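Trainee: I would like to learn how to read a structure feature by feature. Please show me one.

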Amino acid sequence: MTGAPRFPGLPLADADWLVQTALAVGAERGFAPLAVAVVDTAGEPIALRRADGGMPMTSRIAVAKARTALLALKPSGLIDLPGGIVDGIQHLYAGDFIPFAGGVLITDGELIVGAAGASGARAVEDEAVVQTAVEQWQKKRNRVL
């Protein structure tokens, strides 16, 4: 084997592209300053940026929303669990479980290659920017293949 093994997933250049695209979409739509994160399949951040004027806490929330989508295998806004169960899951994951819109899976066909999350605007706006970026990345990727 040559080199170190690695998880299947996004290269840094793609993660950066997704973050930049989501931030640009948010700015174009006039949303509040956002933080956008892309995590790998282990839930660890690959890329994270916060727009000028964004609240510091939005960075951690963006990562948590991405991890939440990854843990649930669906967009974080589609998680519908009773409060007691959410509390238990949040305890289990040290608060890194946020069942509000803003986290989406990044897929390449049927394969999950990571997740993206945003925070800073309204939750549905957070989700719209990362979903738009992911869809644009998928279209771009399919044109290249």
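Trainee: In which loop is leucine 73 found?

Mentor: First, the ground rules. This is a predicted model, in which local features need pLDDT of at least 70 and side-chain atom pairs count only at pLDDT 80 or more, while totals for chains, interfaces and linings use all residues. Residues are numbered from 1 along each chain as its sequence is written, and side-chain values use heavy atoms, with hydrogens and water left out. Helices (H or I, at least four residues) and strands (E, at least two) are DSSP runs, numbered from the N terminus. Leucine 73 is in the loop between α2 (57-72) and α3 (83-92). Its phi is near 60°, a positive value in a residue other than glycine.

Trainee: Is leucine 73 buried or exposed?

Mentor: Buried means under 20% relative accessible area, exposed over 50%, and partly exposed in between, with a 1.4 Å probe and protein chains only. Leucine 73 has a relative accessible area of 56%, so it is exposed.

Trainee: Where does alanine 94 lie, and what is its phi near?

Mentor: Alanine 94 lies in the loop between α3 and β3. Its phi is near 55°, which is positive in a residue other than glycine. Because its relative accessibility is 73%, alanine 94 counts as exposed.

Trainee: How many helices and strands does the protein have?

Mentor: There are four helices and four strands. Read from the N terminus, their order is α-β-β-α-α-β-β-α.

Trainee: What radius of gyration does the protein have?

Mentor: The radius of gyration is taken over C-alpha atoms, and the globule rule is 2.2 Å times the number of residues to the power 0.38. For 145 residues a compact globule would have a value near 15 Å, and the protein has 15 Å, which agrees. The C-alpha trace spans about 45 × 40 × 25 Å along its principal axes.

Trainee: Which residues touch the most other members of the largest nonpolar core?

Mentor: A nonpolar core is a set of buried Ala, Val, Leu, Ile, Met, Phe, Trp, Tyr and Cys residues joined through side-chain atoms within 4.5 Å. The largest one has 23 residues, and those touching the most other members are Leu18, Val36, Val38, Ile106, Val129 and Val130. Two or more residues each come from α1 (12-28), β1 (35-39), β3 (103-108), β4 (111-119) and α4 (123-144). The largest share, six residues, is from α1.

Trainee: Leaving aside neighbours within four places in sequence, which residues is leucine 18 in contact with?

Mentor: Contact means heavy atoms within 4.5 Å. With those neighbours left aside, leucine 18 is in contact with Leu10, Val38, Ile106, Ala133, Val134 and Trp137. A second, separate core has 10 residues, including Ala35, Val39, Val63 and Ala66.

Trainee: Where is arginine 29 found, and which residues is it in contact with beyond its neighbours within four places in sequence?

Mentor: Arginine 29 is in the loop between α1 and β1. Beyond those neighbours, arginine 29 is in contact with Ala128 and Thr132. Arginine 29 has a relative accessible area of 43%, so it is partly exposed. Alanine 128, placed in helix α4, also counts as partly exposed, at 24% relative accessibility.

Trainee: What percentage of the residues is buried?

Mentor: Buried residues make up 41% of the 145 residues. Among contacts between residues at least 6 apart in sequence, 63% join residues at least 24 apart.
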